[in-house]
Amino acid sequence: MVYVTRREVFSSAHRLLNPALSDEENYELYDKCFSPNYHGHNYVLEVVVAGDIDPRTGYVIDLKHLKDIMKKNVIGKMDHRNLNTDVDFLQGINPTAENLAVAIWNQLVSHIPQGKLYSVKIYETENNYAEYKGE
Ligand code: NI
């Protein structure tokens with residue numbers, strides 16, 4: 001099994017909140033991330049595909065093809081957008097890094113034609129990231 005990774009960078013605004021909680025509880029939980037006027041992050045997304053090497057191409061998956069899948073289904077919808085309001089596949093989702101990793105996995109999994117989706121890792125800052133492996 002060989003693992004190949006495509007990395008993409010994008011910028012988005014968001015605000016963390018759980019609508020089931022009061023403003024006071026949300027502020028207690030999320031502090032500055034709950035500020036009403038949103039804030040931005042430069043996200044780094046790493047998608048790993050696992051599989052055997054195709055003897056004809058020498059690839060697990062053509063990374064140009066993986067890039068196109070990521071652009072069409074994820075980056076193009078999230079880059080320079082408000083994650084709380086503008087993204088079809090994030091409607092009703094509190095945009096923490098954890099929830100973004102799962103939502104991005106769900107966006108990609110049916111589009112990976114060769115090999116299999118192995119992990120989705122999203123960095124919200126240099127030091128904080130979430131990773132999802134489908135279970
Ligand atoms: Ni934030």
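This is a predicted model: local features need pLDDT of at least 70, side-chain atom pairs count only at pLDDT 80 or more; totals for chains, interfaces and linings use all residues.
Me: Why is the contact between Arg-6 and Glu-8 called a salt bridge?

Reply: The side chains of these two, Arg-6 and Glu-8, sit 2.8 Å apart, N to O. Residues are numbered from 1 along each chain as its sequence is written, and side-chain values use heavy atoms, with hydrogens and water left out.

Me: What makes Glu-8 count as buried?

Reply: Its relative accessibility is 6%. Buried means under 20% relative accessible area, exposed over 50%, and partly exposed in between (1.4 Å probe, protein chains only), so Glu-8 goes in the buried group. Arg-6, at 25%, lands in the partly exposed group.

Me: How do you know that Glu-8 also forms a salt bridge with Lys-71?

Reply: The closest N and O atoms of Glu-8 and Lys-71 are 3.5 Å apart, and that passes the salt-bridge rule. Glu-8 is in strand E1 (residues 2-14) and Lys-71 in helix H2 (residues 63-78), so this pair ties together parts 63 residues apart in sequence. Helices (H or I, at least four residues) and strands (E, at least two) are DSSP runs, numbered from the N terminus.

Me: What separates Lys-64 and Asp-68 in helix H2?

Reply: About one helical turn, because they are four residues apart in that helix. Lys-64 and Asp-68 also meet in a salt bridge, at 3.0 Å from N to O. Lys-64 is partly exposed at 48%, and Asp-68 is partly exposed at 34%. As for shared partners, salt bridges join Arg-6, Glu-8 and Lys-71 into one network. By the rule, the count comes to four salt bridges.

Me: What makes His-14, His-39 and His-41 donors of the nickel ion?

Reply: Their NE2 atoms lie 2.0 to 2.1 Å from the nickel ion. Donors are N, O and S atoms within 2.8 Å of the metal (3.2 Å for Na, K and Ca), so these NE2 atoms qualify; water is not among the atoms, so the site may look incomplete. Along the chain, the nickel donors follow the spacing H-x24-H-x1-H. His-14 in strand E1 and His-41 in strand E2 (residues 39-51) link distant parts of the chain, 27 residues apart.

Me: Are His-14 and His-41 buried or exposed?

Reply: His-14 is buried, at 0% relative accessibility. His-41 is buried as well, at 13%.
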